[in-house]
Amino acid sequence: MMMMLRAPLFSTIPTPVRSNRTGFNIGVGRRNVKSNGFTTMAAVQEGGPVTGIVFEPFEEVKSDNLMTPISQQISLARQNFVDECESAINHQINVEYSASYVYHSLFAYFDRDNVALKGMAKFFKESSVEERDHADKLMTYQNKRGGKVKLHSILMPSSEFEHLEKGDALHAMELALSLEKLVNEKLLYLHTVAQKNNDNHLQDFIEGEFLNEQVSAIKKISEYVTQLRLVGKGHGVWHFDQMLLN
């Protein structure tokens with residue numbers, strides 16, 4: 001049997017409790033306990049159910065880490081978001097933009113009139129847009145968590161992709177495969193940083209938005225590399241290009 005000491009803003013549904021590992025210091029017998037902003041009064045037996053937990057928000061929000069910042073230079077939304085995670089996200093934004101820049105250069109190369117592999121051009125243009133979209137997602141997430149987006153310099157990519165032995169198509173696709181693996185490594189590093197800092201939300205974001213897609217891209221481009229190795233240089237490349245175009 002139990003009774004409330006005061007009118008709560010809301011109460012929990014009666015929940016079985018077998019120890020104080022939940023953070024509520026409830027003993028045996030009839031007790032009135034106030035702990036961590038909660039008030040209870042319950043007649044309990046050891047190992048039995050405990051009811052009557054009342055949440056006192058005005059006590060809870062007095063904690064320093066829940067106080068609303070006054071300065072306009074500090075994000076109001078930021079919570080449990082450390083500087084290391086913020087910095088790692090900015091680094092990943094740079095990685096995604098750099099990959100997009102390389103793919104855009106590959107698009108421009110294969111779109112030339114004296115190269116004229118329209119399927120390859122289409123593939124790399126779409127890849128460039130995809131990587132830029134990834135950067136946009138990361139920037140949106142950075143702002144959502146209360147971080148500050150800081151864009152870094154991007155190195156100029158090569159504009160020539162000819163290769164006497166392999167041919168330009170195979171050479172470019174092998175480069176794309178290496179680039180996708182590099183991006184995947186950087187994403188895994190970002191996930192590790194989030195894990196180290198107990199940032200469950202950032203871990204979930206990386207897993208849900210990037211990792212599966214990255215693995216699928218590596219598989220697809222690996223198949224393209226294999227197919228280009230099989231057809232060799234010459235007419236087979238044209239047929240492969242038509243497959244990408246259509």
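Leaving aside its neighbours within four places in sequence, which residues is V231 in contact with? In this predicted model, the residues are G236 and V237.

**V231 and its helix**

V231 belongs to helix α5, which covers residues 200–231. L170 lies 61 residues from V231 along the chain, and the C-alpha atoms of the two are separated by 9.9 Å.

**The nonpolar core**

The largest nonpolar core has 47 residues. Those with the most contacts inside this core are I89, F110, M120, F124, M173 and L202. Five elements are named as giving two or more residues to the core: α2, α3, α4, α5 and α6. The residue ranges of four of them are tabulated here.

| Element | Residues |
|---|---|
| α2 | 83–110 |
| α3 | 118–144 |
| α4 | 168–196 |
| α6 | 235–245 |

Helix α4 gives the most to this core, with 12 residues. In soluble globular proteins, nonpolar side chains tend to be buried together.

L202 is in contact with C85, I89, Y141, R145, L190 and A194, leaving aside neighbours within four places in sequence.

**How α4 and α5 meet**

The axes of α4 and α5 come within 9 Å and cross at roughly 160°. Since angles over 145 degrees count as roughly antiparallel, α4 is roughly antiparallel to α5. The crossing in which α4 passes α5 is left-handed. By class, the contact between these helices has 20 nonpolar, six polar and five charged residues.

Definitions and conventions. Residues numbered from 1 in each chain as written. Predicted model: local features only at pLDDT ≥ 70, side-chain atom pairs only at ≥ 80, totals over all residues. Heavy atoms only, no water. Helix = DSSP H or I, 4+ residues; strand = E, 2+ residues; numbered from the N terminus. Contact = heavy atoms within 4.5 Å. Core = buried A, V, L, I, M, F, W, Y, C linked by side-chain atoms within 4.5 Å. Buried < 20%, exposed > 50% of the residue type's maximum accessible area, 1.4 Å probe, protein only. Axes fitted to C-alpha atoms, helices over the stretch in contact; angles between N-to-C directions. Parallel < 35°, antiparallel > 145°, perpendicular 65-115°, else oblique. Left-handed = near helix turned anticlockwise from the far one by under 90°. Nonpolar A, V, L, I, M, F, W, Y, C, P; charged D, E, K, R; others polar.
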